[in-house]
Amino acid sequence: MTESKESTVRLLITCPDQPGIVAAVSGYLHRKNANIIHSDQHSTDPEGGRFFMRNEFFLPGLDMDGLDELRREFAEEVTDGFVMDWSLNPVWVPKKMVILCSHVDHALMELLWRSKRGDLETEVAMVISNHPTLRREVENFDVPFHHVPVGPSLRDKVSAEDTMIELMDGQADLIVLARYMQILTPDFVKRYAGRIINIHHSFLPAFVGADPYRRAYERGVKLIGATAHYVTEKLDEGPIIEQDVIRVTHSHTVDDLKRLGGDIERHVLARAVKWHLEDRVIVDGNKTIVFRR
C-alpha cells in the first residue's frame, strides 16, 4: 500500500544547541494535534555546538493555506530565543527537477527511470542538453527535451545560461547535473544556490582534466568511486551529500574502469537526489548533515 502524503509536512531546523529545543517543537506540534511520523536530530557538541532536526508530521486537513498559517504561528511561538534557520515543506507537493546533461547517458537514464517508477518524489520538468544526442531517449519517458548549445566563449556560455533560465522559470526546485560537461558561471550558481547537485568521479584532485580513467589505470589505482555534492562557485568543492567506492584490480581494463565508474556514479547521484527531494539534507557550512533511513 502506498503511503499517503496528503497533509504531511517536513520540518527542518538548524540552530545553536541549547536545552528546550525538542520540547518547544514537539510541544507546539502536540498543541496543533499533529502526529509526528519520523524524527531525527543531531548535535555537533552539547556545549556550544550546532543542533539539527528533521521532523515529518501529519496534521489532518492541512492544505497550502493552512501551511502558510502554520508557518506564521511557528515563527511566533517556537523560533523566538533559538535563532533558528527552519523550513516547513509540504510532502504532498513534489519538487520540480530539471536535469542537465551532455551526451553521456548513464546518470540521466537512472534518474528518469527511478522517477518514472515512483522512487523519486519529483516531477521531472525537463531535460536540457548542450548536445542533441539523447533527445529520443528522453522523450521516450514523456519528458520535454531542450537542446541548448554552448559556444566556447564566456559570452556564449552566458547566452546559453540565459536561455536555460528562461526555460526553467518556475520549474527548477532542483537542478541535477547528470554529467553535464560544462562549467556553470558564478551568477548561475548564485541564482540557484543550494539547488544544484553534481556528480563526478572520485579521482579528483589527483587526475584532473581529460581521460581520468586512463590515467588512473596507468597509475594502478585499486579503488574507484563517485562523489555527489552541491554546486558552489568553487568547482567540485561544494558540500558533499554522498560518496561510494568499489575495488578494482590489475585485471581490469580502462573500459572496465569506465563501465564500473559509470555504474557507481549513477547510484551515488540517485541516492543524493532522493535524499534532497525527501528533505533529508541540511547544509552546515561546507559539510552536510544527512538523515538517512
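The legends below describe close-up views of charged residues in a predicted model. Residues are numbered from 1 along each chain as its sequence is written. Local features need pLDDT of at least 70 and side-chain atom pairs count only at pLDDT 80 or more, whereas totals for chains, interfaces and linings use all residues, and side-chain values use heavy atoms, with hydrogens and water left out.

**View A. Asp17 in the loop between strand S1 (8-16) and helix H1 (21-31).** Helices (H or I, at least four residues) and strands (E, at least two) are DSSP runs, numbered from the N terminus. Asp17 is buried and has no salt bridge, the nearest side chain of opposite charge being that of Arg50, 9.8 Å away; Lys and Arg count as positive and Asp and Glu as negative, while His and the chain ends are not counted. Buried means under 20% relative accessible area, exposed over 50%, and partly exposed in between (1.4 Å probe, protein chains only). A salt bridge is a side-chain nitrogen of Lys or Arg within 4 Å of a carboxyl oxygen of Asp or Glu.

**View B. The salt bridge between Glu121 and Arg10.** The two side chains meet at 3.1 Å, N to O, and both Glu121 and Arg10 are buried. Glu121 lies in the loop between helix H3 (106-116) and strand S6 (122-129) and Arg10 in strand S1, so the pair ties together parts that are 111 residues apart in sequence. Arg10 and Glu121 also belong to a network of salt bridges that links them with Arg54, Glu56, Lys95 and Asp279.

**View C. The salt bridge between Glu278 and Lys274.** The side chains meet at 2.9 Å, N to O; Glu278 counts as buried at 6% relative accessibility, whereas Lys274 is partly exposed at 27%.
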